[in-house]
Amino acid sequence: MLQLCWVFLALCCIIVWEEGKSSDTQKWSSLEHKGPYFPPEYEPLPDNICFNYDGQPVKLSPVTEEIATFYAKMLDHEYTSKEVFQNNFFCDWREEMTKEERKLIKTLSKCDFSQIHKYFVEKSEERKNMTKEEKQVLKEEASRLMEEYGYCLLDGHREKIGNFKLEPPGLFRGRGEHPKMGKLKKRIQPEDVTINCSQDSKIPAPPAGHRWKRVQHDNTVTWLASWLENIHGRPKYIMLNPSSKLKGEKDWQKYETARRLKMKVDSIRKQYRRDWTSREMKIRQRGVAIYFIDKLALRAGNEKDDESADTVGCCSLRVEHITLHRRLDAQEHVVEFDFLGKDSIRYYNKVPVEKQVFKNLKLFIKHKDPEDDLFDRITTVKLNKTLNESMPGLTAKVFRTFNASTTLQDQLNKLTTEGMTVEEKILSYNRANRAVAILCNHQRAAPKTFERSMQLLQEKIQKKKEQIEEAKKELKEAKKAHKDKAVQRLGEQLKKLQLQETDREENKVIALGTSKLNYLDPRISVAWCKKHQVPIEKIYNKTQRDKFAWAIDMTDENFQF
């Protein structure tokens with residue numbers, strides 16, 4: 001009976017989603033909002049807090065002083081020890097200085113930010129030690145801002161906005177060894193912002209004394225406000241919250257497109273294998289590139305200017321990024337990849353490939369220099385055009401989503417067995433998710449608190465073992481049923497702690513969140529939870545449950561990707 005209810009609910013949800021789908025062009029009929037919330041203006045340092053240059057106190061202009069505080073706040077961070085960070089910061093800082101300040105401040109090594117750093121450390125401690133009443137005042141102010149700026153009216157419905165607060169100015173960090181680390185992220189002004197709302201709505205008022213860059217009424221996009229960030233010159237947006245209907249609909253369509261690939265993937269694979277022996281070099285290169293995208297879940301890769309970090313994807317691989325091994329580690333035809341992927345995360349992998357792929361790669365690199373393109377006859381645009389001709393809507397990203405979701409489904413089916421405890425099932429789920437994260441190269445540095453948290457966990461495990469030994473001694477002395485149960489309960493608690501330790505250790509340098517939120521069809525996880533009686537709260541937190549409400553509502557335990 002319960003199963004029939006779920007099936008009925010799923011059908012109802014699908015009908016509602018299909019009926020509510022916006023057209024490919026028009027996303028909404030009416031849109032009204034208050035615009036973005038701008039961070040407070042800079043508050044100058046107290047007179048007794050000094051910046052020193054070459055041992056002498058210097059009173060800085062407000063703009064120069066504000067930028068100095070960005071650097072001072074980061075003095076205990078490893079970034080400020082990096083030469084690239086220091087050079088970029090100092091160059092941008094001097095550009096914002098007054099003429100007199102530029103004449104005086106010429107060397108970063110003579111700058112002393114220690115007083116400013118100490119001041120902000122003390123302010124941070126003050127915030128940590130705030131009274132309950134003081135914290136409540138801040139909480140109420142945050143609620144007021146959320147109420148005023150955090151919602152919009154979309155087609156008459158009140159929808160939550162995702163990121164209504166504009167990012168305050170600061171220093172760019174980037175990931176890995178980014179060449180622009182330390183550059184100044186400038187304060188966004190209303191004059192930089194384009195507002196998007198419906199023509200008949202009340203246009204949001206800009207802050208006093210300012211005006212918007214532009215107000216437009218474009219119902220073919222879902223963003224509410226847009227501006228260009230100054231580091232890369234790319235547009236940024238204020239969007240609807242992931243839990244909104246439009247976002248959920250887009251998610252659903254994304255995963256349905258990936259599911260459609262199941263029906264086409266065999267013919268696509270046959271085609272790219274045929275391409276490996278084509279007389280045309282560009283067709284051979286395209287076939288090998290699609291094979292890499294399919295087998296390794298590589299991103300397609302885009303052309304970038306010289307100032308960007310040297311990150312690449314499949315189509316922008318260079319000869320220097322691969323090494324061919326006729327035989328390696330008891331495997332034949334091995335390709336060794338080593339390059340920086342998205343967010344400057346290193347991609348390093350040794351992969352056995354099919355013999356014809358290996359032969360083609362030898363051909364592609366022949367007579368080329370290390371800095372030459374591996375796939376010099378194809379581009380990302382042309383590659384995605386070919387994929388779209390194979391299946392409407394198919395891109396390299398769809399392939400990535402398809403392979404990620406397929407991997408999760410297969411791993412869950414393989415790793416989950418009858419008789420497991422909930423904790424063991426969750427470990428299996430995280431291991432399945434980890435397989436996806438490894439496939440997609442979602443790495444992270446080990447958290448700074450990792451060693452300490454593991455030490456605390458190991459102390460808990462040791463204490464639990466001692467409690468069990470003590471309980472066993474008592475059990476021998478008093479053969480009573482309730483003592484036996486106490487030993488059993490302690491044993492179960494110990495097992496839970498040991499499972500936590502294993503899970504935490506395995507997750508040390510793998511980021512599970514990116515794939516879970518962006519590449520894994522949530523219906524796989526929801527169905528698994530329902531089938532194996534695992535509370536959905538153990539897999540998705542509150543924010544994630546809101547984002548995937550559509551999947552939670554419409555999925556029954558029999559769903560398979």
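UniProt positions are given in the numbering used here, and annotations may be inferred rather than shown by experiment. The structure in these views is a predicted model.

**View 1**
In an unreviewed UniProt entry, the annotation "active site" covers Y519. Y519 is found in a loop, with α15 (513-518) on one side and α16 (522-531) on the other. The relative accessibility of Y519 is 6%, so Y519 counts as buried, the cut-off for buried being under 20%. The side chain of Y519 makes a polar contact of 3.2 Å with the side chain of R400.

**View 1. The largest nonpolar core and F399.**
In soluble globular proteins, nonpolar side chains tend to be buried together. Here the largest nonpolar core contains 69 residues. L261, F292, F337, L361, F375 and F399 are the residues with the most contacts inside this core. Domain 3 (260-387) and domain 4 (402-554) each supply at least three residues to this core.

**View 2. A258 and its contacts.**
A258 is found in helix α7, which covers residues 245-275. With a relative accessibility of 0%, A258 counts as buried. Not counting residues up to four places away in sequence, A258 touches V398, T401, F402 and F561. Of the pair A258 and F561, the C-alpha atoms are separated by 9.2 Å. Along the chain, A258 and F561 are 303 residues apart.

Strands of a sheet pair through backbone hydrogen bonds, either parallel or antiparallel. In this open sheet the three strands have the order β1-β5-β6, and the pairing is antiparallel. β1 (31-32) and β6 (157-160) are the edge strands, each pairing on one side only. Two bridges join β1 to β5 (residues 151-154) in the antiparallel sense. E32 has L153, in β5, as its bridge partner.

Technical notes: Residues are numbered from 1 along each chain as its sequence is written. This is a predicted model: local features need pLDDT of at least 70, side-chain atom pairs count only at pLDDT 80 or more; totals for chains, interfaces and linings use all residues. Side-chain values use heavy atoms; hydrogens and water are left out. Helices (H or I, at least four residues) and strands (E, at least two) are DSSP runs, numbered from the N terminus. Buried means under 20% relative accessible area, exposed over 50%, partly exposed in between (1.4 Å probe, protein chains only). A polar contact is a pair of N or O atoms within 3.5 Å; within protein, one must be able to donate a hydrogen and the other to accept it, and residues adjacent in sequence count only if both atoms are side-chain atoms. A nonpolar core is a set of buried Ala, Val, Leu, Ile, Met, Phe, Trp, Tyr and Cys residues joined through side-chain atoms within 4.5 Å. Domain bounds come from an automatic or database domain assignment. Two strands pair if DSSP finds at least two bridges between them. Contact means heavy atoms within 4.5 Å.
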